[in-house]
Amino acid sequence: MVLKAFFPTCCASADSGLLVGRWVPEQSSAVVLAVVHFPFIPLQVKELLAQVHQAGRVELAVLGTWCHRRQGAEESLGHFLEGLGTIFSHEPWLQLCREPGSKLWSCKATRRQVPPRRGAPYEDQVMLVFYDQRKVLLSQLHPPAALPDRQAGDAAPSAGGLAAVFDTVARSEALFRSDRFDDGPVRLSHWQSEGVEASILVELAKRASGPVCVLLTCLLSLVSAASACRLFKLWPLSLVWSKLSVCEQLRHRLEQLTLIFSTQKAENPTQLMRKANVLVSVLLDVALGLALLSWLRGKDRIGPLAEALVPVADHVAEELQHLLQWLMGAPAGLKMNRALDQVLGRFFLYHLHLWISYIHLMSPFIERILWHVGLSACLGLTVALSILSDIIALLTFHIYCFYVYGARLYCLKICGLSSLWRLFRGKKWNVLRQRVDSCSYDLDQLFIGTLLFTILVFLLPTTALYYLVFTLLRLLVVAVQGLMHLLVDLINSLPLYSLGLRLCRPYRLAAGVKFRVLEHEAGRPLRLLMQINPLPYGRVVHTYRLPSYGCHPTHSWGSLCRKLFFGELIYPWRQRGDKQD
């Protein structure tokens, strides 16, 4: 029988002693975690293993002996190590030995309870696999569902010996808190053999983080209670708060800050990674906002920008006026219905004049509005972009009105033509059953239907042309807002901390391992080196992508074209009856 022994590379030069680790019978493998050095008392070693089991709920045991012969053959030490198998009874009993001044290793695994013949212990073949204990401890194997449930005790892993190795090292973190320089009764060698890592700044930050988080959590709870006031749930205010992008972004930012300053400890590495990603995303957002604010305030760019905004609005209004005058004539040589064309053109021109008056009325306050928008960048670039998107929606409100009027009129005519077309075929729409049923019409109904159908058909080109022009303008505005929303969602949902880990410390996010052969000679145990394969960048983004507030609809190209053809309104926010494709 071939046994796999996972041995840490940091213990390859350790002094002789006992091998402490975990035996995985389902995989016939032993995971070595540390080496216990002489002198020691067996009872104290067992007490240490019991403490680690209570802290990490992983069953550890003395798996065998480790003999590092530094100065020639030490027969007395070898016999003494073999005798320790009677004190720490474990099946199989590993015996690892490294020859002095060479790379030769000897590995044996003996079983005393099942001897093949009387008086001789049974030996198994051992395959030695070296692994970097620090990288395995800090890494997280993906997918996380492959690991056993830590709340269920020492459960058997469901993804094979690889998951058992990662999970055993991760759950034995309490064993690595002491090193061989401690004054404790048991001296160990593991990945922190040269001294436990510590930092005064980190310890001070941990001490101060508790009171700060409690204070900020109280402040955020007060803000949440104020935002949940009944005054904001009244009809006009609730409608406005649900449609403004800045309100949705502020609500999302409040949820992010509540998660960051929560005093509840993360239960698993996934929650810890999410909190770190949210923290880095908020810090980057605020840094970009401060950079934008410093750029605007650096050379007083807000004043010239406000002075250039009114002439730009006048130029846009002038171009729209020329467009309407062109539509009221013979656009592209098309023969339009003159009466309907004049009515629609004058109607839209009247709304355009109202919008110009509104812009000139607001011109004295534009600089102050832009100054407050720039000041809002202190809360983050996403907040400033959301306010800018709402300002664009307010400045292009006339285009939205033109689009709604044209779309409603066009949709009314399309619905009338489809209904009259069913009349010619002897059909009608059953409102109760939501289906088309057969129906018999008399002569008067057919005559009136023919007149209405003819009128709607000849008036359709004029209406469709106005609808097409204003729909293109509306789609241009929605595209600009969509780019802003896309940038906001990218900043909110991109897992920057996970991507930084993948770039700087790729072993922290493990997608698997690969093995490299170190020694393969006849009569010698096979020695392999286990190396961690990092998770691809695409899977990092897919696994740790943060949820955004998602108030914007996601239509497919088919549903978008269908809505445009039938004159259904397209909003940059989700409606109650929207069906996502």
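Helix H8 comprises 30 residues and spans 43 Å between its first and last C-alpha atoms, close to the 44 Å expected at 1.5 Å a residue, where the expected span is 1.5 Å times one less than the number of residues in the helix. Helices (H or I, at least four residues) and strands (E, at least two) are taken as DSSP runs and numbered from the N terminus. The structure is a predicted model, in which local features need pLDDT of at least 70 and side-chain atom pairs count only at pLDDT 80 or more, whereas totals for chains, interfaces and linings use all residues. Residues are numbered from 1 along each chain as its sequence is written, and side-chain values use heavy atoms, with hydrogens and water left out.

Among the residues of H8 that are buried are Met273, Ala276, Val282, Asp285 and Leu296, a residue being called buried under 20% relative accessible area, exposed over 50% and partly exposed in between (1.4 Å probe, protein chains only). Just after H8, Asp300 adopts a positive phi of about 55 degrees.

Side chains of opposite charge can pair when their charged atoms come close. Across the whole structure, 5 salt bridges are found, each defined as a side-chain nitrogen of Lys or Arg within 4 Å of a carboxyl oxygen of Asp or Glu. One of them joins Arg253 and Asp285, with an N to O distance of 2.3 Å. Because Arg253 belongs to helix H7 (residues 245-260) and Asp285 to helix H8 (residues 269-298), this pair ties together parts that are 32 residues apart in sequence; both Arg253 and Asp285 are buried.

A further salt bridge links Asp167 with Arg171, whose closest N and O atoms lie 2.7 Å apart. Asp167 and Arg171 are both found in helix H4 (residues 161-171), where 4 residues, about one turn of the helix, separate them, and both are buried. In the salt bridge between Glu568 and Arg562, the N to O distance is 3.3 Å; here Glu568 is partly exposed at 31% relative accessibility, and Arg562 is partly exposed at 40%.

On the surface, Phe447, Ile448, Leu451, Leu452 and Ile455 make up a nonpolar patch with about 490 Å² of accessible area together, as computed by the Shrake-Rupley method with a 1.4 Å probe, only the protein chains shown counting as cover for residues. Patches consist of residues with over 30% relative accessible area and no salt bridge, like charges being joined within 9 Å and nonpolar side chains (Val, Leu, Ile, Met, Phe, Trp, Tyr) within 5 Å. Phe447 is placed in helix H14 (residues 443-493) and is exposed, with a relative accessible area of 54%.
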